[in-house]
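Hi everyone, thanks for coming.

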Amino acid sequence: MEFYFRCIEWLAGMAARAGVPEANRALVATVVFWAGLTLVVVLGGVLLRRLLRRSPAEETTEAAVSVEEPAVEEPAVEEPAVEEPAVEEPAVEEPAVEEPAVEEPAVEEPAVEEPAVEEPAVEEPAVEEPAVEEPAVEEPAVEEPAVEEPAGLLRRMRAGLAKTQASLVGRIDALLRGRQGVDEELLEELEEILITADLGMKTTQQLIQALEERLDKGQVDDPAALRSALKDEIRQRLEREPSSFDLERATPFVIMVVGVNGVGKTTTIGKLAHQFVRQGKKVLVGAGDTFRAAAAEQLEVWGQRAGVEVIRQAAGSDPAAVAFDAIKAAQARKADVLLLDTAGRLHTKVNLMEELKKIRRVLDREMSGAPHETLLVVDATTGQNALVQARLFQEAVSVSALALTKLDGTARGGMLVAIGEELGLPIHYVGIGEGIEDLRPFDADLFVEALFKQDG
């Protein structure tokens, strides 16, 4: 089922790039998928017919091979592995026989040995599910912060920013290489690089003005000092508010996720749910995208991966009704976090933006102050258009934070600086890959360090 939805989503994306109208994308994707599957079945039938016509000698050879394979698999060490714990069980049964015969000595023996032996023996059968979850929590919670975060995460961030680094910092380094001093001509060329790297006109002018002030004060007297000053100015513009949600502020903590079509809202919700579950939170997801074909099914696949429940209704239902059901379920089940998906919509469609306002009113009516955060998901590959989206969504539904996806697939990562500077919105998450762990909390220092770090 997961493979089917992935194929449909991928084919719909190909149809979008081919210029197929949005209303027909799901149908085209479905037709192409089943046509391809039919072709595979036909080819498989032809291949099977050819295999059935082989000579008896070949069949005898294959039979010999098929007999030898189980003979090799029989000595699999699984059966001895099952028998070894079976030896320990009689050790527990013997004290169990002595208890009915003489109860008092049976109480004295566990007073010494059984607390040390029987307690784990009781926890294993009685609480098997937590025993499976514990390793999943221990690995990221202990190993990543202690070992992988400082060096491993920097390498992953650098890999994700490789295209942006080449188009921005790589060109800056090429400009500064061989220069002896800093003058107006150099700053003009630097300004051109910043604009073409999608930092935007306003942000670029502010950066150049800040560098000119440092130049007048004698703080920038060589290319190396200019590079360091630019790095510091970009960091200052990205250091806004803490890049994480205060989940303790309300219970349940309601996060409404918005954005245009195709930016990765559903994927982002699945990855966020995974992160919150790892933090020990009880998470519910509301499938408020009732318009897109298979949207709720895709969200349920992500819900299974993250181990969270998805509240949904039939396709075409009122999204506000889904929001109502979701927040009621979150309150009744004492969930810590409610993530509410919404249908992708163009920021220019007034009626669809009004629908988002209706959802907000329903949430606030059922729980004062909800949604506590409105997370706008933007696609980094859209460049400056992402800034336009962010501005219009902020005006319509009071966006409070940003998640920037597909940062690893674009050279336009400079627009991240423009959004932070021009809108003053905190960037909470950046996507640097397709894996469930590749949605990372945004760290301005780590981002700038990965962007400007030189090899060697």
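So, Arg227 and Asp173 meet through their side chains in a salt bridge, at 2.7 Å from N to O. By salt bridge I mean a side-chain nitrogen of Lys or Arg within 4 Å of a carboxyl oxygen of Asp or Glu. This pair links distant parts of the chain: Arg227 sits in helix α12 (residues 223-238) and Asp173 in helix α9 (residues 169-176), 54 residues apart. Helices here are DSSP runs of H or I with at least four residues, strands are runs of E with at least two, and both are numbered from the N terminus.

Quick caveat: this is a predicted model, where local features need pLDDT of at least 70 and side-chain atom pairs count only at pLDDT 80 or more, while totals for chains, interfaces and linings use all residues. Residues are numbered from 1 along each chain as its sequence is written, and side-chain values use heavy atoms, leaving out hydrogens and water.

Are Arg227 and Asp173 buried or exposed? Both are buried; that's under 20% relative accessible area, with exposed over 50% and partly exposed in between (1.4 Å probe, protein chains only).

Now take Asp318 and Lys358, another salt bridge, at 3.1 Å from N to O. Asp318 counts as partly exposed because its relative accessibility is 35%, and Lys358 is partly exposed too, at 35%.

In helix α16, Lys357 and Glu354 lie 3 residues apart, about one turn of the helix. Their salt bridge has its closest N and O atoms 3.2 Å apart. The total comes to 20 salt bridges.
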